[in-house]
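Please look through the sequence and model below.

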Amino acid sequence: MSDIIGILLAAGASRRFGADKLTQTLADGTPLAAQACRNLLAGTDGVLAVLRPGADALAESLRAEGAEVCFCAEADTGMGASLASGIRARSEAQGWL
């Protein structure tokens, strides 16, 4: 059996937030996406970040945090599509969080 994989759903467009919330910084200066990745890594065997196509800078920063990255071409159809994309990308995992 394989590991428990944390799926970081990061393919949203941040329409309601009004800006790219994943690049916003916390009080200590850490980008939100980096802290979310660190939190998932602390409780799982690995992290897969699901991003929208074209989010190359975010992909590089999350890889630097230790995440795997996949891109969801159907991201605009909703969170379910991103979740399904992540599970498909790591279908050998024992479970997903």
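## Cysteines

The closest cysteine sulfur to that of C70 belongs to C72, at 7.2 Å, which is too far for a bond. A disulfide is counted when two cysteine sulfur atoms lie within 2.5 Å, and the count by this rule is zero. The model is a predicted one, in which local features need pLDDT of at least 70 and side-chain atom pairs count only at pLDDT 80 or more, while totals for chains, interfaces and linings use all residues. Residues are numbered from 1 along each chain as its sequence is written, and side-chain values use heavy atoms, with hydrogens and water left out.

Burial is judged by relative accessible area with a 1.4 Å probe and protein chains only: buried is under 20%, exposed is over 50%, and partly exposed lies in between.

| Residue | Relative accessibility |
|---|---|
| C70 | 12% |
| C72 | 0% |
| R90 | 12% |

## Helix α1

Helices (H or I, at least four residues) and strands (E, at least two) are DSSP runs numbered from the N terminus. Helix α1 holds 12 residues, 32–43, and should span 16 Å at 1.5 Å a residue; the end C-alpha atoms are 17 Å apart, which agrees. The expected span is 1.5 Å times one less than the number of residues.

The buried residues of α1 are A33, A34, C37 and L40. Viewed down the helix axis, they fall within an arc of 130°, so they line one face of α1; the arc is taken from the directions from the axis to the C-beta atoms. An α-helix has 3.6 residues a turn, so residues three or four places apart point the same way. Exposed residues A42 and G43 are carried on the face of α1 turned away from the buried side. The cover over the buried residues includes β1 (4–10), β2 (46–51) and α2 (56–64), where contact means heavy atoms within 4.5 Å.

## Strand β1

Five of the seven residues of β1 are buried, so the strand is mostly covered. Strands pair if DSSP finds at least two bridges between them. β1 pairs with β2 in the parallel sense over six bridges, and G6 has V47 of β2 as its bridge partner. β1 also pairs in the parallel sense with β4 (residues 95–96), over two bridges; there I4 is partnered by G95.

## Arginine R90

R90 lies in the loop between α3 (79–89) and β4. Its side chain makes polar contacts with the side chains of E68, at 2.4 Å, and E92, at 2.5 Å. A polar contact is a pair of N or O atoms within 3.5 Å; within protein, one must be able to donate a hydrogen and the other to accept it, and residues adjacent in sequence count only if both atoms are side-chain atoms.
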